[in-house]
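Thank you all for coming.

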Amino acid sequence: MDEARLWALIEDQGEREPLIACGEARAAVDLLQHLAQQYGEQGQVAAELAGRLARRLPADEQAHDGAECTRWTHLRPTAPKQPRPDWPLTIDIWRPEYGSTRQTAGTEPPAAAALAAGPGRAASGRVQARRWDAPQVTDFQELRARAAADLDFDEPWMGHAWAAVPRHQFVPDTVWVVQDGVYQPFRRSDDPDRWARLVYDSTTAIATQVDDGDPAAGGGDVPTSSISAPVAVFAMLAELDLQPEHRVLEIGAGTGYNAALLAERVGARRVTTLEIDPEVADGARAALHRAGYGGVTVLEADGEQGWPRGAPYDRLVATASVTSIPWAWVEQVQPGGLIVSPFRTVFCSHGLARLTVSGGHAEGRFAGAVNFMAVRGQRARPHISEVFSAESWKESRESKADLDVAMLADPHAEFAVGLRLADVAHWPQDGGHWWCSRDSWAYSADGAVYQWGPRNLADETADALAWWADAGRPELFDFGLTVTADGHRVWLGDPSEAWPLAAA
């Protein structure tokens, strides 16, 4: 398949799909996508042809032997050098045994996949991801094939979707990477091979916007839009139990990539995606059109309000985390439908809620440990600067440390404590640990604890850890969430023994 023949087909048939021999189909898709990025009006036609043709290609089936280990790529706060309310976020990899570690190329995580696999599935994660040596020359077909070999899809349609949707067409030419502690722009033209490897790394999330599109001249502080890591994307899609006839509402269009995957399963006209940022919404809409998914409805709207005009929906999936499930979501999903959303507390930022809507409420267990940036309307959290001062330090109550803070390195312990202290922020710093709520703070280091305010936050943490240990050290998957119009309640094992979730 050469460029001259493709152009002849495009010019001759316009928007009709060209007749291409089966043996040339894969090469044609890659060439069409290349043309789409370099030409104007005809390039748009080429992009739509590529999308339609790619959807007809069979997914490569890959067999994997040996133990599987899932790594969750996510965004977590780095430890600040002094107590402060807002700290930069970096792209890390979740390692189940050790918590969050900075991404290191060429390294492998521990063998267990407890968090990803879920209860009863500790030996087989939903999505397998292995590091591979990237080719030195940009070849999207090769990169996509290698990534497909590293992703073990739960259902056949997911493999077909991965092969059909050109991920690189949904990533802007300029993305943001951490350099010297801040986010700096990285342009595709600077290093096309590195850009392509980032796009198709199965464990890497890529920041596509920082600081709500208004970074400082010296670099960005907080990522505010991204394209999620494939390993996390397909793990969440597996939890949706998506069927061809379903109507889907997506909260957070981002680049549009996830909406395209959804469209592969249910059809583009059954997918509605909401995006609060107008520039991000425009980018998603344009990318979907280029890739042949123009039937997806992209709306500039506040996702917390849902989209009642299109309700009811069979499935609602969020691509940003929440500290509380908006009641509008429950109202707009029909009985028996599912809500799948990253869920966080102020204390712990990893969690994935999978809720079934029924009888005027939504209820279900937590299904995994993913960490996504927060929806814009739920970014609020306690600020240490609002409660800590030199004067409060002098007034603080000093005592001997009576907690094993190292237990919080266990992600299940951190999650459980977060459900008990949902309104308390905690972070390690220079060998010590800080806590703060709206009216109190605590600091622990070198065997001593300092606490100030009406609450003793370090003591509350110690009590929550003791409760978790006495309960048999339950895993994240043992906990559940019930959402009603009156609020949220969390529970361990039995919904009838729930306690209120404190508001962030």
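This is a predicted model: local features need pLDDT of at least 70, side-chain atom pairs count only at pLDDT 80 or more; totals for chains, interfaces and linings use all residues.

Let me begin at one backbone detail: just after helix α9, G267 takes a positive phi of about 100°. Residues are numbered from 1 along each chain as its sequence is written, and side-chain values use heavy atoms, with hydrogens and water left out.

Staying with α9, nine of its ten residues are buried, where buried means under 20% relative accessible area, exposed means over 50%, and partly exposed lies in between, with a 1.4 Å probe and protein chains only. The buried set includes Y257, N258 and R265. A268 sits in the loop that runs between α9 (257-266) and β9 (271-275). Setting aside residues up to four places away in sequence, A268 touches A263, G295 and V296, with contact taken as heavy atoms within 4.5 Å. From A268 to G292 the C-alpha distance is 9.4 Å, across 24 residues of sequence.

Next, a tryptophan in helix α11 (residues 327-332), namely W329. Is W329 buried or exposed? W329 is buried, with a relative accessible area of 0%. Beyond its neighbours within four places in sequence, W329 is in contact with I251, G303, E304, G306, L316, A318, V322, I339 and S341. As for L316, which is 13 residues away along the chain, its C-alpha atom lies 7.5 Å from that of W329.

I turn now to helix packing. Two packed helices are described by the angle between their axes and the distance between the axes.

For helix α6 (residues 156-164) and helix α8 (residues 230-240), the axes come within 11 Å and cross at roughly 140°; the axes are lines fitted to C-alpha atoms over the stretch in contact, and angles run from 0 to 180 degrees between N-to-C directions. α6 and α8 are therefore oblique to each other, given that angles under 35 degrees count as roughly parallel, over 145 as roughly antiparallel, 65 to 115 as roughly perpendicular and the rest as oblique. W157, M158 and W162 of α6 meet P230, F234, L237 and A238 of α8. What classes do the residues of this contact fall into? Seven are nonpolar, with no polar and no charged residues; Ala, Val, Leu, Ile, Met, Phe, Trp, Tyr, Cys and Pro count as nonpolar, Asp, Glu, Lys and Arg as charged, and the others, Gly among them, as polar.

The second pair is helix α13 (residues 411-420) with helix α14 (residues 457-470), whose axes come within 9 Å and cross at roughly 120°, so that α13 and α14 are likewise oblique to each other. On the α13 side the contact is made by H412, A413, A416, V417 and R420, and on the α14 side by T461, A464, L465, W467 and W468. By class, this contact of α13 with α14 has seven nonpolar, two polar and one charged residues.

Finally, the whole chain: the protein has 14 helices and 22 strands, and buried residues make up 57% of its 504 residues.

Terms used: Helices (H or I, at least four residues) and strands (E, at least two) are DSSP runs, numbered from the N terminus.
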